[in-house]
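This briefing concerns a predicted model. The points below cover its nonpolar cores, the contact between its chains and the confidence of the prediction.

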Protein chains: 2
Amino acid sequence: MSAPKTRRRGAATIDLVLCSARHGRLHVLVTKSAGGTPVLPYAWSAEGEGLEQAARELARDVAGHPAAWLASGAATSAKRHPAGAALSVPFIGVMGPTVVVPSGSAWHAVDALPALAPRQKAMAEGALDTLRLHMDLAPVAFRLLPAVFTLSELQQAYELLLGRHLHKASFRRALQAAYLVAPTDEWRSEGRGRPAQLFQYAPRKRRGNHRSVRFDLIGR
Amino acid sequence: MSAPKTRRRGAATIDLVLCSARHGRLHVLVTKSAGGTPVLPYAWSAEGEGLEQAARELARDVAGHPAAWLASGAATSAKRHPAGAALSVPFIGVMGPTVVVPSGSAWHAVDALPALAPRQKAMAEGALDTLRLHMDLAPVAFRLLPAVFTLSELQQAYELLLGRHLHKASFRRALQAAYLVAPTDEWRSEGRGRPAQLFQYAPRKRRGNHRSVRFDLIGR
DNA sequence: GACATTAGTCGCGGTTTGTTACCTATTGCC
DNA sequence: GGCAATAGGTAACAAACCGCGACTAATGTC
């Protein structure tokens with residue numbers, strides 16, 4: 001090893017808030033530190049490696065799967081980080097519901113987290129806001145699902161992200177109009193009730209589809 | 001608590017992309033380094049001070065005015081920073097069009113910037129995307145204007161942010177429906193044409209105004 | 001006064017949307 | 001098989017919304 005060079009590891013951590021939809025609620029992947037206390041996965045930022053690249057590798061390492069979608073959140077130096085980092089950059093990732101994580105890690109409902117260090121707690125609680133911020137521009141909801149899904153599952157993913165109930169017929173009509181999904185030949189029988197057709201995310205190019213300005217969201 | 005630490009330079013900079021609308025285009029405040037080369041205002045992050053707080057102080061220092069709106073962007077370690085920082089956290093701020101900056105600083109159109117260091121260039125070019133991302137949730141367009149403004153000015157601010165032309169009557173109808181502005185008693189005569197009534201940003205509480213899901217934006 | 005210019009409004013017609021109702025396919029039970 | 005229960009999927013209507021062109025209003029210029 002070389003001489004202790006404090007800058008080598010960087011003064012900042014990359015903290016991963018890996019999200020998944022389980023039982024109708026947003027869950028976050030929590031691992032355990034060497035001491036056994038629960039922590040979000042994190043890594044020291046290394047010079048010469050891109051932050052997002054590092055976050056992707058961290059996600060693959062810790063979940064055994066690449067994240068289906070990833071975005072960075074607001075960097076913060078507030079409160080206490082488990083590693084004592086001066087600065088932390090959160091990355092919010094998304095994965096399908098069937099990913100099985102290695103022992104030592106577990107999915108926790110985002111509103112029932114174990115006792116994380118304050119900074120990580122804040123980052124996890126901000127994850128839903130980040131997802132909401134991006135869901136109109138990126139197919140976040142689709143990335144919470146497997147490659148093939150039913151329309152009811154897709155609607156549930158949207159309801160989870162939006163935090164409100166959607167009307168079935170309206171949802172499907174809007175989806176149809178957007179040419180975002182394509183039906184497959186498969187159908188899935190869930191036990192009771194009529195089997196559901198399976199769809200996949202297959203966006204097709206559309207016209208310049210200008211809609212009105214969204215004043216209605218400003219000011220809560 | 002932690003022992004009192006010297007306020008040492010962290011390994012990260014806070015870089016300010018201060019935006020303002022001038023002559024129908026988005027402008028960014030650019031200052032000069034000690035050597036005379038153009039740079040975005042930046043500061044080393046100090047332990048014990050919040051990042052956003054530091055960015056607010058930086059804005060006030062460099063423009064003589066507090067930012068009317070501020071949000072953090074995606075932290076990056078890519079490319080070269082003028083101070084050689086390993087990591088940089090951009091903050092995107094917004095100010096009214098009448099702010100006069102001290103000599104040494106100047107407003108530059110965001111698509112005609114002087115030769116900034118690559119990392120700062122990327123951060124400045126990403127500013128409009130950040131503003132667009134937030135404009136549906138926060139009154140970004142209003143913060144590009146003085147406290148009192150005409151509806152035509154407001155429409156121009158929206159057109160600048162959206163990058164497209166809006167229809168006057170539709171814009172005003174949507175604005176009316178959102179109860180976002182209140183008229184003042186003042187009118188402004190701009191020279192030719194009918195005088196315009198002045199308005200101010202005054203959001204009023206509205207019902208749970210749910211609109212449909214925005215599939216139409218996903219996938220470009 | 002005629003005209004150009006900018007502000008602000010009205011209303012028609014097509015589109016979108018919330019909602020109710022209905023139809024279809026499957027399971028479980030008698 | 002017959003039938004209730006359950007869940008997927010569609011049709012159709014009324015109301016709200018939106019793009020758009022046309023209109024009125026106030027001011028300055030010639």
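In this predicted model, the largest nonpolar core holds 44 residues, and those touching the most other members are A:Leu16, A:Leu18, A:Phe91, B:Leu16, B:Leu18 and B:Phe91. Two or more residues of this core come from each of β1 (12-22), α1 (51-63) and β6 (87-95) in chain A, and from each of β1 (9-22), α1 (51-63) and β6 (87-95) in chain B.

**Nonpolar cores**
- A second, separate core has 43 residues, among them B:Ala138, B:Phe142, B:Leu180 and B:Phe199.
- Leaving aside residues up to four places away in sequence, A:Leu18 touches residues including A:Val28, A:Leu29, A:Val62, A:Met95 and A:Trp107.

**Interface of chains A and B**
- Chain B contributes 48 residues to the contact, and chain A contributes 46 residues.
- About 4,000 Å² is buried between the two chains, with carbon and sulfur atoms giving 60% of that area.
- Of the area that chain B buries against chain A, 19% is supplied by B:Arg214, B:Phe215 and B:Ile218, more than by any other three residues.

**Polar interactions across the interface**
- Eight residue pairs are in polar contact between chain B and chain A, counting pairs with both residues at pLDDT 80 or more.
- Two salt bridges are found across this interface; the side chains of B:Arg211 and A:Asp216 form a salt bridge at 3.0 Å, N to O.
- On the side of chain B that touches chain A, α6(B) supplies the largest share, four residues.

**Confidence**
- The average pLDDT of chain A is 92, and 94% of its residues score at least 70.

Key: Residues numbered from 1 in each chain as written. Chains lettered and ligands numbered in written order. Heavy atoms only, no water. Core = buried A, V, L, I, M, F, W, Y, C linked by side-chain atoms within 4.5 Å. Buried < 20%, exposed > 50% of the residue type's maximum accessible area, 1.4 Å probe, protein only. Contact = heavy atoms within 4.5 Å. pLDDT = per-residue confidence, 0-100. Buried area = accessible area lost by both parts, 1.4 Å probe. Salt bridge = Lys/Arg side-chain N within 4 Å of Asp/Glu carboxyl O. Polar contact = N/O pair within 3.5 Å; in protein donor to acceptor, adjacent residues only side chain to side chain.
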